[in-house]
Amino acid sequence: MPYLSGKEMVKELRRALSNPNIQSDRLRYRNTVLKVIRAMSQGVDVSDLFSEMVKACATVDVVQKKLVYVFLCCYAHLNPELSLLVVNTLRKDCLDPNPMVRSLALRSMTNLRLSSLVEYVEQPLTAGLRDRAACVRRVAVLGWAKLHNLQPGSEIDGAVVNELYSLLRDPDPVVMVNCLRALEEVLKDEGGVVINKPITHHLLNRLKECDTWGQSEVLRVLQRYQPQSEDELFDILSLLDSSLVSPHPPVMAATLSLFLSLCSGLPAVSQAALERVRGPLLAACGSGSREMRFTALCHIQLLLRSIPGLLGEHYKRFFCSYAEPAYIKRRKMQVLVELVNDENVIMILDELKGYCTDVNTDTAQAAISAIGRIGRSYSDKCLEILTGLLGLKQDQITSAVVQTIRDLVWACPQCSDAVSSALEGCEEVLQDSQGRQALLWLLGAYGERISSAPYTLEAFIDGVRSETSMELKMELLTSTMRLFLCRPAETQDMLGRLLHYCIEEERDMCVRGQALLYYRLLQRGIGETRNVLQVRRSDPSIGVLIGRQAEPISQWVSSFNTLEPLQHCSVEVESTSRGSPEHLASIPKPNEDLPDNLDCRQLEMVHLGSDGAAQRLGGPAGLPAPGAEPSVTLSLSPPVTPEEFECLWMQQRASHPEQESADEGDNGTWIEDTIRCGAVPHCSPQSLHAAMQLVNIQTLAFTPSHTLPWKVFLYTHTLRADTSCSTLVLGELLYAGELNPKRSAEGEMEGNEQTQATADGDKEVKVTLWQQPHDVSSLRVFLSVLTTVLHTLSSEVAKPKVSCLVPS
């Protein structure tokens with residue numbers, strides 16, 4: 001056919017379809033219909049040919065029927081009246097002796113998607129469920145699901161549902177799987193298909209007959225079934241054992257998801273299952289499909305959250321190849337960070353060092369960031385690599401290195417001496433705003449150790465008029481003020497010029513407001529300014545949260561084999577494109593580990609020192625009876641570093657020998673109590689840390705969850721509004737283990753008289769507190785807040801009971 005425009009082509013095709021000579025020649029007629037389908041696939045609107053194509057469906061040529069039905073299904077919604085003319089032909093084809101024609105007619109009737117045709121489709125679909133040909137039953141089963149979607153509000157006939165349930169035992173495995181899919185759709189409002197013991201064992205026994213996607217569908221549906229006994233559970237696990245190491249990743253992932261859901265109460269079995277899938281997962285990481293490799297890497301990150309050393313000996317499998325896309329390389333580097341140990345750290349760092357000069361900027365920055373995260377545990381080796389990269393004098397590499405170094409010294413202050421000597425001359429290479437902002441923070445935090453810090457800041461101040469980044473100007477103000485506090489003679493003149501410009505000429509109100517704040521601070525005196533601007537060299541809790549503890553499998557099992565792992569870009573927050581670390585630390589982040597019933601209103605009431613809060617304590621030892629309490633709040637300022645905490649705690653503990661009562665002396669007050677709560681010793685460190693942060697209690701050190709003895713060290717400051725009196729409270733939580741009392745022959749409890757069995761699975765957590773100066777009311781309020789937090793985390797309905805270890 002010669003080249004024609006869209007309208008001319010449609011006219012030419014109409015003439016050909018209406019030509020009696022072409023209609024009498026079966027081959028020419030089929031070719032004309034094929035030209036219509038080809039034009040439709042190219043985007044030409046051929047809906048005007050609907051009536052001619054309806055006539056063309058009345059043929060015995062199966063190929064022509066398929067072509068015409070494709071056309072009719074595409075344009076039926078535009079011609080609902082003419083579509084009625086097709087129904088008779090389709091119903092007639094449903095009685096054809098050829099099963100291919102019957103299945104094709106059923107599929108086409110349900111694909112017309114017209115509500116007006118539902119009454120004509122129900123009878124052929126019902127007959128199709130009982131058809132002797134498996135291909136017809138496959139189409140009929142799915143047809144009922146399509147029919148339900150056309151009328152979602154209508155109730156489907158119960159006889160049809162029973163028929164679908166009976167087809168779960170159809171000898172054809174595809175029919176069986178299609179029945180599961182159809183019942184899931186039809187019974188969506190009722191929770192989907194009902195899975196009982198006979199259905200479960202029938203599906204498991206026929207699992208090997210299904211194809212890859214059929215097995216995945218069956219395994220997904222079986223997650224609803226809960227075995228009725230331990231013997232039945234292990235029978236099911238035995239049937240699943242071969243699928244657990246299937247060479248097909250979808251089947252392996254679905255089997256593992258079912259395995260973990262069934263073994264939620266058997267951690268040893270779950271861990272053994274994770275170790276068994278190590279081989280299939282590594283094979284999926286080497287798949288020829290990029291999508292499969294990326295998905296496997298995302299799910300490996302989930303597994304490493306519970307078993308960090310699962311793939312430690314196979315770390316070389318995660319080295320990046322040159323031809324891999326950047327998103328796969330980034331995921332592999334994230335996995336490598338999780339696999340670092342003393343034996344392979346040199347090899348992994350050498351590999352990551354090669355990626356730092358990759359032509360892809362994102363890959364290079366991700367490699368530098370990965371080295372920085374490894375540096376929190378192996379700071380010397382990583383600093384050597386990072387400082388060496390600074391010598392390349394490349395803008396993008398230098399910017400990423402400076403940002404990584406900033407985050408590294410925030411987590412590991414002991415690295416500051418080596419970093420200070422490496423920053424000389426970096427300002428000449430840096431061009432982007434984020435890199436220069438990181439450099440300014442380092443100059444402000446460690447300017448007393450960097451000889452050229454005033455001259456570097458002066459260059460920034462001289463070019464402040466041409467600077468467009470508001471964030472950089474605000475960082476420049478803060479860094480200059482901090483450098484002025486430690487090197488006033490060299491910085492005074494440039495600080496005056498900067499403040500004058502920001503107050504008198506700057507148009508950005510954020511920058512101008514910050515400059516006015518600093519100017520007024522200076523008017524109050526250097527001492528006041530130092531109290532406000534004294535830089536925190538690190539986050540007091542960062543040492544606890546650097547190394548992620550092994551998480552229970554139950555925390556991520558619901559997201560396994562779903563799209564959720566693919567949606568998260570990284571396990572940790574990347575350092576790229578964010579502000580100073582202390583600003584980030586002050587922003588509260590949502591914590592998914594916290595229970596939904598954490599009611600902060602109760603905690604706010606406790607802050608007020610109400611009588612109700614004190615009464616919940618039940619009058620702990622060493623504290624007088626609660627009365628009308630003044631307003632008491634908790635604060636984290638001034639911060640206490642882990643080193644300061646250890647020094648204070650050990651000194652006071654050494655000067656305070658164990659006594660049989662709460663001790664009040666010149667060095668402060670010691671008190672020991674117990675709090676009965678539920679699963680707090682087994683909650684994740686992140687959950688406890690976030691919950692304490694909500695009420696301004698800082699956690700400084702943890703022992704890993706599920707370890708004994710379990711300890712937590714914490715601190716806070718109590719502030720009384722009536723006297724402006726502040727006290728420092730240091731604390732230790734200790735859980736030694738489950739109580740296992742033994743009964744004697746007379747039925748009495750044996751053991752220590754001070755140890756009591758807890759009810760309903762409660763655990764006794766010993767609380768040791770030190771306060772300076774002595775303030776009974778503030779200590780009572782703090783203990784009340786701590787009790788409320790632990791009780792809320794334990795998700796117990798009853799209020800926690802507090803009993804004295806030491807009599808008054």
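A residue counts as buried when its relative accessible area is under 20%, as exposed when that area is over 50%, and as partly exposed in between, with a 1.4 Å probe and protein chains only. By this rule aspartate 462 is partly exposed, because its relative accessibility is 49%.

The structure is a predicted model, in which local features need pLDDT of at least 70 and side-chain atom pairs count only at pLDDT 80 or more, while totals for chains, interfaces and linings use all residues. Residues are numbered from 1 along each chain as its sequence is written, and side-chain values use heavy atoms, with hydrogens and water left out.

**The chain as a whole**

The chain has 808 residues, of which 50% count as buried. It holds 38 helices and 10 strands, where helices (H or I, at least four residues) and strands (E, at least two) are DSSP runs numbered from the N terminus. Among contacts (heavy atoms within 4.5 Å) with a separation of 6 or more, 70% come from residues 24 or more positions apart.

**Salt bridges**

A salt bridge is a side-chain nitrogen of Lys or Arg within 4 Å of a carboxyl oxygen of Asp or Glu, and the count by this rule comes to 28. Three of these pairs are set out here.

| Pair | N to O distance |
|---|---|
| Glutamate 163 and arginine 130 | 3.8 Å |
| Aspartate 462 and arginine 497 | 3.2 Å |
| Arginine 465 and glutamate 505 | 3.1 Å |

Glutamate 163 belongs to helix α10 (residues 158-166), whereas arginine 130 sits in the loop between α8 (118-129) and α9 (134-150), and the pair links distant parts of the chain, 33 residues apart. Arginine 130 counts as exposed because its relative accessibility is 54%.

With 56% relative accessibility arginine 465 counts as exposed, whereas glutamate 505, at 37%, is partly exposed. Elsewhere, salt bridges that share partners join Glu184, Glu217, Arg220 and Arg224 into one network.

**Two packed helices**

Two packed helices are described by the angle between their axes and the distance between the axes. Axes are lines fitted to C-alpha atoms, for helices over the stretch in contact, and angles run from 0 to 180 degrees between N-to-C directions. Helix α5 (residues 62-75) and helix α6 (residues 80-93) pack at about 135°, with their axes 13 Å apart. That angle makes α5 oblique to α6, since angles under 35 degrees count as roughly parallel, over 145 as roughly antiparallel, 65 to 115 as roughly perpendicular and the rest as oblique. Lys65, Tyr69 and Leu72 of α5 make the contact with Val86, Thr89, Leu90 and Asp93 of α6.

**A covered helix and an exposed loop residue**

In helix α17 (residues 278-285), Pro280, Leu281, Leu282, Ala284 and Cys285 are buried, and what covers them includes α14 (230-244), α15 (249-262), α16 (267-276) and α18 (290-304). Lysine 208, in the loop between α12 (197-205) and α13 (212-221), is exposed, with a relative accessible area of 69%. Lysine 208 is 35 residues from proline 173 in sequence and 9.4 Å from it in space, C-alpha to C-alpha.
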